[in-house]
Amino acid sequence: MAQRPPSGIWVALLSAATFGVSGPFAKSLLEIGWSPGAAVGVRIGGAALVLLVPVLVALRGRWSTLRGNALTLTIYGVTAIALCQLFYFNAVARMSVGVSLLLEYLAPVLLVGWLWIRSRRAPHRLTALGSVVAVLGLLLVLDLGAEERLDPVGVLFGLAAAVCLVVFFLMSARVQDSLPPLVMAGGGMVAGALTILVLGLTGLMPFRFVFTDVVLAGWETSWLVPVAGLVLISTVAAYVAGIVAAQRLGSKVASFAALTEVVFAVLAAWLILGELPGLIQLAGGALIVAGVVCVRVDELRAAGRAARDPLNQPNVVEPVPRA
């Protein structure tokens, strides 16, 4: 088995960081009257337009690649991009952002369970420990209050978002060599944008736009600034980096590394919105990092065992990573 390159972790952290700053950008738009559907629609539709030219260049003379992966791109765009955000925003509409994030980021634990079912082999102790530590850290980072009231429908939406996130990691890790990350992200964005358009036209995700100045980091600026950040940083860069990370690390490690998005989101809210994180949240961030390290070390140990005894290994449920 090929050794998984250390750079994969850094790419995963880059993806988590760029995803994490989406909250402050989106919040500045919501505060001036944008609907969640409008923010999601501009985010995905704008990213699809930005990626269109690079994708066309990458596919020049290779249109058979697009035709051969049309179903993959459609499922990825509809499920991992459009429905994931639809379910998450519906959860936020019924519960706090903290609880909704917690439910969505149960995805790594669900993924460990899925791989357990597929391989019929229980996860190693270090992976199980990392799962528990990461979830505890997530609870601390989100700083949930005891007075939080759970809405049953909201919980279902949050869990549905978690399932869609699992699909993102699985499909990103299993993409074929013939389908570059840029094409995967661009094709998925087109499918996702069309899905969001249908949801908007049918009223399931209402669109409401307000074109006035916003406040970012204490400065009043044009609404185009958070839109540009949401499209270029939190979507284009984030999804491309996320796909590359999943290909290099495999779906399990990449999903745990993605938990650091919550830490980056807290830091971004501090720097951009002035929402200072507390000591409990910082401690939670340390636990999330510890959980990621546990899972990563377990993966490296498994790779070492496979290298020493390649004939005595279970069926591989992760893709062989590329250098």
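Student: Which residue just after H10 takes a positive phi?
Tutor: That is Gly203, whose phi is about 85°. Helices here are DSSP runs of H or I with at least four residues, strands are runs of E with at least two, and both are numbered from the N terminus.

Student: Is this predicted or experimental, and what should I keep in mind?
Tutor: It is a predicted model, in which local features need pLDDT of at least 70 and side-chain atom pairs count only at pLDDT 80 or more, while totals for chains, interfaces and linings use all residues. Residues are numbered from 1 along each chain as its sequence is written, and side-chain values use heavy atoms, with hydrogens and water left out.

Student: OK, how far does H10 reach from its first C-alpha to its last?
Tutor: Helix H10, residues 181-201, has 21 residues and reaches 30 Å, close to the 30 Å expected at 1.5 Å a residue; the expected span is 1.5 Å times one less than the number of residues.

Student: Which residues make the nonpolar surface patch?
Tutor: Val190, Leu194, Leu197, Leu201, Phe207, Phe209 and Phe211 make a patch of about 700 Å². Patch residues have over 30% relative accessible area and no salt bridge, and they are joined within 9 Å for like charges or within 5 Å for nonpolar side chains (Val, Leu, Ile, Met, Phe, Trp, Tyr). A salt bridge is a side-chain nitrogen of Lys or Arg within 4 Å of a carboxyl oxygen of Asp or Glu.

Student: And Leu194, buried or exposed?
Tutor: Leu194, which lies in helix H10, has a relative accessible area of 51% and is therefore exposed. The cut-offs are under 20% for buried and over 50% for exposed, with partly exposed in between (1.4 Å probe, protein chains only).

Student: Switching to rings: how many aromatic pairs does the structure hold?
Tutor: There are 11 aromatic pairs. One of them joins Phe168 and Tyr239 edge-to-face, at 5.8 Å centre to centre and with 85° between the planes. This pair links distant parts of the chain, since Phe168 is in helix H9 (residues 152-173) and Tyr239 is in helix H11, 71 residues apart. Both Phe168 and Tyr239 are buried.

Student: Why is the pair of Phe209 and Phe211 stacked?
Tutor: The ring centres of Phe209 and Phe211 are 6.2 Å apart and their planes are at 5°, so the pair is stacked. Rings of Phe, Tyr and Trp (its six-membered ring) pair if their centres lie within 6.5 Å, and planes under 30 degrees apart count as stacked, over 60 as edge-to-face and the rest as tilted. Phe209 is partly exposed because its relative accessibility is 38%, whereas Phe211 is exposed at 53%.

Student: Which residues form the aromatic cluster?
Tutor: Phe19, Tyr76, Phe168, Phe169 and Tyr239 form one aromatic cluster.

Student: Back to glycines. Where is Gly229, and what does it touch?
Tutor: Gly229 is in helix H11, residues 224-249, and is buried because its relative accessible area is 7%. It touches Phe25 and Ser234, not counting residues up to four places away in sequence; contact means heavy atoms within 4.5 Å. Gly229 and Ala26 are 203 residues apart in sequence, yet their C-alpha atoms are 9.3 Å apart in space.

Student: And Tyr105, where does it sit?
Tutor: Tyr105 lies in the loop between helix H6 (97-104) and helix H7 (107-119), and its 5% relative accessibility is why it counts as buried. Leaving out residues up to four places away, Tyr105 touches Leu138, Leu165, Ala258, Leu259, Glu261 and Val262.

Student: What about Leu102 and Leu159, how far apart are they in space?
Tutor: Leu102, placed in helix H6 and buried at 14% relative accessibility, is 9.4 Å from Leu159, C-alpha to C-alpha, and 57 residues apart from it in sequence.

Student: Last one: how many helices and strands does the protein chain have?
Tutor: The protein chain has 14 helices and 2 strands, and 49% of its 323 residues count as buried. Among contacts with a separation of 6 or more, 88% come from residues 24 or more positions apart.

Key
Areas by Shrake-Rupley, 256 points an atom, 1.4 Å probe, with all protein chains shown as cover.
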